[in-house]
Amino acid sequence: MTEHASGASEEETAAEATQGLTWQPESGGQRLRLLSFNAQVGIHSSRLHHYVTNSWKHVLPYGGRMTNLERVARFIRDFDIVGVQELDGGSLRSRFVDLSNWLSERAEFPHAYTRINRDLGQIAKHSLALFSRVEPVHVQMHSLPGPLPGRGAVEARYAMGNGEELVLFLLHLALSRRARRQQLDYVAERIEDQPHAVVMGDLNCQQDSPEIRRLVARTGLMEPMACPATYPAWDPQRVFDHILLTPDLHVSDMRVYNVALSDHLPVGVEIELPLGERLDVRQAPA
């Protein structure tokens, strides 16, 4: 887990390059912008065959990685809380740069928390990261169950004015349905009694999947909202990337961003906290 001071970054927004649903609620609480994005270790893919022709980039360094991640940094800096999957904790392919730290500094997030899910030494350090302009009161790293090691979660708890907490889980789930069910059961045990909760990440399953329906049934989370597909980025057919919320977190805006940065498209929501509740948000720099 890392936390550090912010660094400089060029400002550029891609908010106009969007597709999705937008609506306004009746409440008027404080708003937070949340984003989930699978960054594919800084590799931009625009065709199916790139999984073959770009496969070496998952193992070896290449010049375009940091250029593409610079674009990612400019995009995510407009949000308050960002969860990023498929980064690298500092190995040969990233020229031993911790991409989570680098990205959070370039996007000027004052709080960054990284979990290395699968450590292959100098070859690769698969990781996910949570970036926040709000300082959590508690952060915990979790190893998720499953037949194969290497899947994890970041849990962050944010203080609310009434003494309660907003609990957020950032996930990158397994490819097999059985493992995903085990992993979401693990999360459900930890949020089933929480009135204010967010579960987000690359869940590797669609909103009507049995494992997501089971998670919703066991917790106070709402059923997933209708959402444009997020995968693959060049011809989206499946909704793999999700932000699930409890009903008290009113959605004032929700969209999938049509930006060519990875093999996934980012999904974002703007939520309103219950009326009268606030978090101490540090705004994105001008």
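## Terms for the cavity linings

In sorting lining residues by class, Ala, Val, Leu, Ile, Met, Phe, Trp, Tyr, Cys and Pro count as nonpolar, Asp, Glu, Lys and Arg as charged, and the others, Gly among them, as polar. The structure described here is a predicted model.

## The second largest cavity

By class, the second largest cavity is lined by six nonpolar residues, one charged residue and no polar ones. The lining residues are M222, E223, P224, M225, I243, L244 and L245. Under the classes above, E223 is the charged one, because Glu counts as charged. The volume of this cavity is about 30 Å³.

## The largest cavity

Rolling a probe the size of a water molecule over the atoms shows where empty space is left. In this model, two cavities of 30 Å³ or more are counted, and the largest holds about 90 Å³ of space.

Q207, P224, M225, C227, V239, D241, H242, I243, L244, M254, V267 and V269 line the largest cavity. Two elements, β10 (241-245) and β12 (267-272), each give two or more residues to this lining. β10 contributes the most, with four residues. By class, the lining of the largest cavity has nine nonpolar, two polar and one charged residues.

## Helix α3

Helix α3 covers residues 99-106, and six of its eight residues are buried. The buried residues are L99, S100, N101, W102, L103 and S104. They pack against α2 (64-76), β3 (81-88), β4 (111-119) and β5 (125-132).

At the start of α3, a side-chain oxygen of D98 comes to within 3.0 Å of the backbone nitrogen of S100. After the helix comes E108, which has a positive phi, near 60°.

## Helix α4

How far apart are the end C-alpha atoms of helix α4? They are 21 Å apart, which agrees with the 21 Å that the 15 residues of α4 (residues 177-191) should span at 1.5 Å a residue.

The buried residues of α4 are A179, R180, Q183, L184, D185, Y186, V187, A188 and I191. An α-helix has 3.6 residues a turn, so residues three or four places apart point the same way. Among the buried residues of α4 are A179, Q183, Y186 and V187. The elements covering the buried residues of α4 include β6 (138-143), β8 (165-172), β9 (197-202) and α5 (210-218).

Technical notes
Residues are numbered from 1 along each chain as its sequence is written. This is a predicted model: local features need pLDDT of at least 70, side-chain atom pairs count only at pLDDT 80 or more; totals for chains, interfaces and linings use all residues. Side-chain values use heavy atoms; hydrogens and water are left out. The expected span of a helix is 1.5 Å times one less than its number of residues. Buried means under 20% relative accessible area, exposed over 50%, partly exposed in between (1.4 Å probe, protein chains only). Contact means heavy atoms within 4.5 Å. On a 1 Å grid over the protein atoms alone, a cavity is a set of points where a 1.4 Å probe fits but cannot get out, and a pocket is an open set with protein on both sides within 12 Å along at least five of seven lines; lining residues have an atom within 4 Å of a point. Grid points are joined across faces, edges and corners, and a volume is the space filled by probe spheres set on the points. A polar contact is a pair of N or O atoms within 3.5 Å; within protein, one must be able to donate a hydrogen and the other to accept it, and residues adjacent in sequence count only if both atoms are side-chain atoms.
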